Amino acid sequence: MMMPRSTGYPAVIADVAPVTPTLRRFDIRATAQPFPPVSAGSHGVFAFGDAVRTWKNPYSIVARSDDGSMLRIIVRLAQGSRGGSAFLHGQGRPGLEITVLGIANLFPVVRKARRHILLSAGVGITPFLSYMDAMDGMGLAYCLHHYCRPEERQAFHALLADRDPGRVVLHDDPDTGRLSEILAAEPVSSRLSMCGPDGFMNWVGAVARDVGFSPGKIHSERFSAPEGGAAFRVDLARSGLSVSVGPEDTLLDALEAAGIEAPCLCRGGACGACRVAVLSGVPDHRDHVLAEAERAAGDCILTCVSRARTATLTLDL
Amino acid sequence: MLNASSLLPVGPLRFDEGGRRHLFVRQAPQLSVPSGPVPTAMTTWTVGGDSRVLPDPSEHEQFFRSAAHLLDRLAWRLATERVGLRLYAAGDDTFLSAVALTGDAAGMTGEEMYLAPPVQGGRRVICIHCSTMHDDVADEGLSCAGCGAVLSVRSHYSRRIGAYMGVAESAPPVGTEETGR
Ligand code: FES
């Protein structure tokens, strides 16, 4: 993080606009110092809430104004969610205070590649909005293929209206044959970047490997929205404390609320910074970082998204 | 000049199943093709060409009069190539580094280019089974031009004969069979 998380960048929501029925755009204005420079593909961790609770959620930064006074994000309302995104959709009106706890980039543009093919679905388009601005500036060749539902087509068309029509293609039908043709026609120099729901990325990844994309030329960003689950308790071996994690809390939130200095960066299961050793109990892994063998070993946990299969976990904290 | 291949990752060549089209470029016809099942979409480009070595009829092979000629064509081919190509190269330091530079310039990565350990200058090799002499053998193995045996070149150099020993991989230990035909 570029700022200690106790301080961050104080800000307020300046403007809200719907993008689709489930996506909402928020412009956030710094109220003290300007936001730091933001490279394409960055996400911020945003803290907001009400008297009852605070959320700290990661969102891709779509754009930053040149003077650093504004950041733009797009937030998706997950079905049935009672989490932070639902709060922003319901209560996120101009004037609502939001603190930008920090900004990091886990999904930078591969600058040395001259040609990029970008594939997104739903809210996964957000990092590519900043990618396309950066690539236009750097003179890199790219093409975005965005997948959406037929009823969202108009909305995404409007969102992309000011882009070069030769470089953006909307699809409302995930046709494997068509995707395979698109990917196989890419030049040998092409890099593939993808962002979207797990099922979408698994699909694109499989088709890409099938046409011969080497694994190192397939880039992805996988954030998990922390989802609730059964309550559990963690016993902390070093400090001797016990902390309860409620059904709607993340383990990381609960640790922080108990005053534990727990490591973290992305808060979305994407970076691995929050990894903590598990001494007993069985973790319920929900991240995109650990390898299969590490999951099976069950001796570590990423506290920002993962939970427990057993009623208690003992952590090396 | 910098010895570029000392910085290049090299290793025994094996076909990469992740590829959809495979191009093997080699500096001499004796250099052996990558191991593993030969993919259908496989092309070999060879510098020189040697009537003693018959190209496998199932392979598509093209011959080039010089390494420069081959490298020129390679740059052009890569500029128009689509995703899914894997490139393999065998030859000496200079050749391998030139291939790697050409691949890099075309936007290929180390995962898509495979380089065999660089060969030293050619050696003189005698087939211990039929005594046929082979000049300028750049690889660790060859097909004997006399008896057709697949020979591997031993590190043993005979001062008397003035050549390295080429021994059939499946042959019984040297000395237990008759040499010559
Ligand atoms: S903070 Fe990044 S994976 Fe948990």
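Q: Why is Ser131(B) called partly exposed?

A: In this predicted model, Ser131(B) has a relative accessible area of 43%. Buried requires under 20% and exposed requires over 50%, so a value of 43% places Ser131(B) in between, as partly exposed. Ser131(B) is found in the loop that runs between strand E6 (123-127) and strand E7 (133-137) of chain B.

Q: What is noted about the phi of Ser131(B)?

A: The phi of Ser131(B) is near 65°, which is positive in a residue other than glycine. Arg267(A) likewise has a positive phi, of about 55°, and is not a glycine.

Q: What makes Arg267(A) count as buried?

A: The relative accessible area of Arg267(A) is 4%. Since buried means under 20%, Arg267(A) is therefore classed as buried. Arg267(A) lies in a loop of chain A, between helix H6 (251-257) and strand E14 (275-280).

Q: How do you know that Glu61(B) is buried?

A: Glu61(B) has a relative accessible area of 18%.

Q: Why are the pairings of Glu61(B) with Arg26(B) and with Thr46(B) called polar contacts?

A: The side chains of Glu61(B) and Arg26(B) are joined at 2.7 Å, and those of Glu61(B) and Thr46(B) at 2.5 Å. A polar contact needs N or O atoms within 3.5 Å, one able to donate a hydrogen and the other to accept it; both pairs are therefore counted as polar contacts.

Q: What makes the meeting of Glu112(B) and Lys217(A) a salt bridge?

A: The N to O separation between their side chains is 2.7 Å. The rule asks for a side-chain nitrogen of Lys or Arg within 4 Å of a carboxyl oxygen of Asp or Glu, so the pair Glu112(B) and Lys217(A) qualifies. Across the interface of chain B and chain A, the rule finds 1 salt bridge. On the side of chain B that touches chain A, the residues comprise 6 nonpolar, 4 polar and 6 charged.

Q: How many residues of each chain are in contact, and what area is buried between chain B and chain A?

A: Contact involves 16 residues of chain B and 18 residues of chain A. The buried area is about 1,300 Å², with carbon and sulfur atoms giving 47% of it. Arg82(B), Val83(B) and Glu111(B) supply 43% of the area that chain B buries against chain A, more than any other three residues.

Definitions and conventions
Residues numbered from 1 in each chain as written. Chains lettered and ligands numbered in written order. Predicted model: local features only at pLDDT ≥ 70, side-chain atom pairs only at ≥ 80, totals over all residues. Heavy atoms only, no water. Buried < 20%, exposed > 50% of the residue type's maximum accessible area, 1.4 Å probe, protein only. Contact = heavy atoms within 4.5 Å. Buried area = accessible area lost by both parts, 1.4 Å probe. Nonpolar A, V, L, I, M, F, W, Y, C, P; charged D, E, K, R; others polar. Helix = DSSP H or I, 4+ residues; strand = E, 2+ residues; numbered from the N terminus.
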